[in-house]
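Here is a short tour for anyone who likes to check words against coordinates. Please keep the viewer open as you read.

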Amino acid sequence: MLCRLFVSALAGALMIPVAAVRAQDVPTGGGRGGGTPEQRAANTRAFLGLGPAPDKAAATRGAPGYQKACAFCHGPQGRGAEGPNLIVSDVVLGDDHGEHLTPFLKVGRPEKGMPAFKNLGDDELKDISEFLHEQVEEVANRGTYQLQNIIVGDAEKGKAYVAANCTSCHKEGSFEHIAGRFRSADQLQRGWVWPNRPADNSLAITGTVKANDGTTIKGRITQISDFRVTLVDSDGKSHVVSRGAGVDVQITDPLAPHQAMIKTLKNFDMHNVTAYLESLK
Ligand code: HEC
Ligand code: HEC
């Protein structure tokens with residue numbers, strides 16, 4: 001714990017130097033620069049007091065939930081926006097696998113603008129916690145950078161999986177050259193599991209809100225919590241509606257099919273598909 005507080009204090013004061021700690025400069029105990037990338041990452045993690053390695057599959061599952069429920073306020077990678085940076089948060093750094101974060105997120109700090117997420121299940125909150133741990137890892141642990149480029153899956157099996165599971169919605173051949181659009185295999189994986197919403201809003205979450213006075217507002221949802229929903233209508237006008245009794249909110253998310261897919265995606269299928277897509281440079 002002491003060590004984690006140290007990381008957090010250091011990261012808070014000097015964000016760049018922490019990110020700049022070079023894995024090979026860290027006394028690893030296992031031989032300088034030696035070992036597999038996994039060992040190097042684990043050594044760096046231990047030295048920085050980052051706690052156990054994030055569960056990558058859970059973090060990937062948690063990404064959409066985080067983007068939906070948290071990103072408006074904490075930024076898409078947890079590095080802060082209207083709400084604080086979570087990469088240097090004691091609440092995040094003091095947690096291993098959601099055991100502290102999950103109960104915290106259920107109560108929040110409503111009086112300080114951090115909502116309570118009572119309507120999210122334990123599993124979903126745990127996955128969101130892993131997503132945050134992965135963001136910390138990416139900022140703090142240079143040792144993992146090498147890991148990200150390692151393809152652990154089997155491309156042939158991935159090809160079969162895509163043929164069986166993706167072509168119901170995607171045209172065959174639509175993934176040609178997909179790997180060329182991403183900087184690393186890790187980003188490719190996140191990109192196909194949870195496609196980015198383009199800036200042109202073509203994949204935006206939209207909704208219809210029926211207020212209790214009978215008026216209906218349609219538009220792009222920019223923020224939603226248990227208490228209120230914010231929509232931008234086709235004229236670009238923003239509406240904030242309190243979610244009291246009699247207010248009905250219908251949400252349409254063009255990426256919902258992907259979310260459904262993530263729930264049944266096994267770890268090895270994910271790696272196999274990434275290996276296959278990576279081969280389509
Ligand atoms: C409406 C904006 C908003 C949303 C949405 C939101 N937060 Fe927050 N969050 C805040 C604010 C503001 C604080 C700072 C509260 C304070 O000052 O104690 C905060 C604090 C936190 C903290 C504690 C930081 C610390 O070290 O004190 C964590 C962890 C956190 N949020 C995680 C999340 C997660 C995960 C989600 C999504 C499930 C989320 N938040 C959604 C606004 C938000
Ligand atoms: C139930 C339908 C459905 C299934 C199954 C599905 N997708 Fe998608 N996918 C979508 C929709 C809808 C979009 C968003 C619209 C778009 O960009 O085409 C999307 C977007 C994407 C994107 C981002 C767009 C792009 O071309 O960069 C990728 C990559 C992707 N899917 C990969 C996959 C892979 C790989 C599988 C199988 C493992 C899969 N999808 C299975 C419906 C589906």
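In what order do the five strands form the open sheet? The order is β4-β3-β2-β1-β5, and the pairing is antiparallel. Strands here are DSSP runs of type E with at least two residues, helices are H or I runs of at least four residues, and both are numbered from the N terminus. Two strands count as paired if DSSP finds at least two bridges between them. Strands β4 and β5 (248-252) stand at the edges with a single partner strand each, so one side of each has no neighbour in the sheet. From one strand to the next, the twist averages 40 degrees; for such angles, axes are lines fitted to C-alpha atoms (for helices, over the stretch in contact), and values run from 0 to 180 degrees between N-to-C directions.

A word on the source: this is a predicted model, in which local features need pLDDT of at least 70 and side-chain atom pairs count only at pLDDT 80 or more, while totals for chains, interfaces and linings use all residues. Residues are numbered from 1 along each chain as its sequence is written, and chains are lettered from A and ligands numbered from 1 in the order in which they are written.

| Pair | Pairing |
|---|---|
| β2 (residues 216-224) and β3 | antiparallel, four bridges |
| β3 and β4 (residues 238-242) | antiparallel, five bridges |

Three residues lie between β2 and β3 in their hairpin. The hairpin of β3 and β4 has five residues between the strands, and Gly236 there takes a positive phi near 85 degrees. Leu231 is a handy landmark: Ile221 stands opposite Leu231 in β3, and Leu231 in turn stands opposite His239 in β4. Strand β3 (residues 228-232) has a covered face, made of Val229 and Leu231, and an uncovered one with Arg228, Thr230 and Val232.

Now to the ligands. A residue counts as near a molecule if its C-beta atom, placed from the backbone, lies within 6 Å of it. Around ligand 1 there are 21 residues, of which Cys70, Cys73, Gly83, Ser89 and Met114 come nearest. Helices α5 (71-74) and α6 (90-93) are the elements that give two or more residues to this shell. By class, the shell around ligand 1 has 13 nonpolar, five polar and three charged residues. Here Ala, Val, Leu, Ile, Met, Phe, Trp, Tyr, Cys and Pro count as nonpolar, Asp, Glu, Lys and Arg as charged, and the others, Gly among them, as polar.

Ligand 2 has 16 residues around it, and Cys166, Cys169, Trp192, Pro195 and Pro257 come nearest. Its shell holds eleven nonpolar, five polar and no charged residues. Helices α9 (155-165), α10 (185-193) and α11 (256-264) each supply at least two residues, with the largest share, three residues, coming from α11.

Finally, Ala185 is found in helix α10 and is buried, with 21 other C-beta atoms within 10 Å. Buried requires 20 or more such atoms, exposed means 12 or fewer, and partly exposed lies in between, with C-beta atoms placed from the backbone. Ala185 and Ala275 are 90 residues apart in sequence and 8.1 Å apart in space, C-alpha to C-alpha.
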